[in-house]
Amino acid sequence: MQRFDAFMEQSLYGPNGFYGSGRGVAGGRSGDFLTSSEVGPLFGAVLARAVNSWWADNGRPPNFRVIDAGTGPGTLLKSLTKADPPCARAWELLGVDRAARTPLPGDLRGSVVIANELLDNLVFRVVERQARGWREVYIEGNAEGRRERLVDCPKGFQPGFELAVGQRAPMLSAARQWVTNVLERGASKLIVFDYGLKTTAELANRGGWLRTYQQHRRGHDPLFEPGQWDITTDVAVDQLPKPDTVTNQADWLGHWGIGQLVEEGRAYWQEHADAPTLKAFRMRSRVGESAALTDPSGLGSWLVLTYSS
């Protein structure tokens, strides 16, 4: 019998796990899920504006490290490179990913750390409120059949949030510790993009927070074909260290000038539509990319958390 987070660890990062086996590393349109950076280069172009501003705020240091945590195939770093902001002459772009066995540096002083849909993928426990206390989800069985088993938590156990009797929620200890570690290592800025809600109670009331993905299909049963599916959860902000700011992705992108970039793209296309070049087609694509990135029923509703040292 395994606690849920141990089962998730094995299902994702074990030798036959979703990431441990290499099945979940590809990402992008040919992979199992699509993140904002894989919609197209516009997300990276807007993010480059923010990174450049943070570099300027720090006095334009000659050595400036920008780290993509959970980089996967490296799409976000490629789009930052294409954006080529003024700070590019000073930055060192670094992609780290547990699946590729590339850990975060121990010293993050002065660094900008980007966590784009990372926290949802860190292992979590699952707890359920009962009238007489808390119970926790364990998984028992083997490849021939697995099932949940609820185990009473020790007397006095407190997960750090309250739920109504009968409700369950993820317990994001690993995500909280990851954010804490990044800040303790001296990162000048940590920016988190992820799906979630501000409170655990909201997640529990809404339901549907446990997600699985395979080839752009979403499921809900983590016991179905473990190792073949990604396992994630919506992030509850109240379980993390308190961020400096919390907003949604649509508003964050608007603040950093996505509208201006889209208008530049539209104008460039109109100027070159009679004899379009590859650049003209790319500039035109900004319109569609923007619609996807700011969709209030999709990526536009993703949370954006910022932390500063």
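This is a predicted model: local features need pLDDT of at least 70, side-chain atom pairs count only at pLDDT 80 or more; totals for chains, interfaces and linings use all residues.
Which exposed residues does the face of α4 turned away from its buried side carry?

1. Helix α4 spans residues 75-83, and its buried residues are Leu 76, Leu 77, Ser 79 and Leu 80. Viewed down the axis of α4, these buried residues fall within an arc of 160°, so they line one face of the helix. The face turned away from that buried side carries Lys 78 and Lys 82, which are exposed.

2. The buried residues of α4 have several packing partners: the helices α2 (36-39) and α3, together with the strands β2 (64-69), β3 (91-96) and β4 (112-116). Just after α4, Asp 84 adopts a positive phi of about 50°.

3. Helix α3 covers residues 42-57 and includes Asn 52. With a relative accessible area of 17%, Asn 52 counts as buried, because the cut-off for that term is under 20%. Leaving aside residues up to four places away in sequence, Asn 52 touches Pro 85, Pro 86 and Cys 87.

4. An open sheet is built from 3 strands in the order β12-β11-β13, with antiparallel pairing. The edges are formed by β12 (217-219) and β13 (230-233); each has a single partner strand, so one side of each lacks a neighbour in the sheet. On average, neighbouring strands of this sheet are turned by 35° against each other, direction ignored.

5. Strand β11 (residues 210-214) runs antiparallel to β12 and is joined to it by 3 bridges. Thr 212 stands opposite Gly 219 in β12.

6. Helix α1 (residues 4-13) lies across β11 and β13, and runs at about 140° to β13.

Note on methods:
Residues are numbered from 1 along each chain as its sequence is written. Side-chain values use heavy atoms; hydrogens and water are left out. Helices (H or I, at least four residues) and strands (E, at least two) are DSSP runs, numbered from the N terminus. Buried means under 20% relative accessible area, exposed over 50%, partly exposed in between (1.4 Å probe, protein chains only). Contact means heavy atoms within 4.5 Å. Two strands pair if DSSP finds at least two bridges between them. Axes are lines fitted to C-alpha atoms, for helices over the stretch in contact, and angles run from 0 to 180 degrees between N-to-C directions. The arc is that of the directions from the helix axis to the C-beta atoms.
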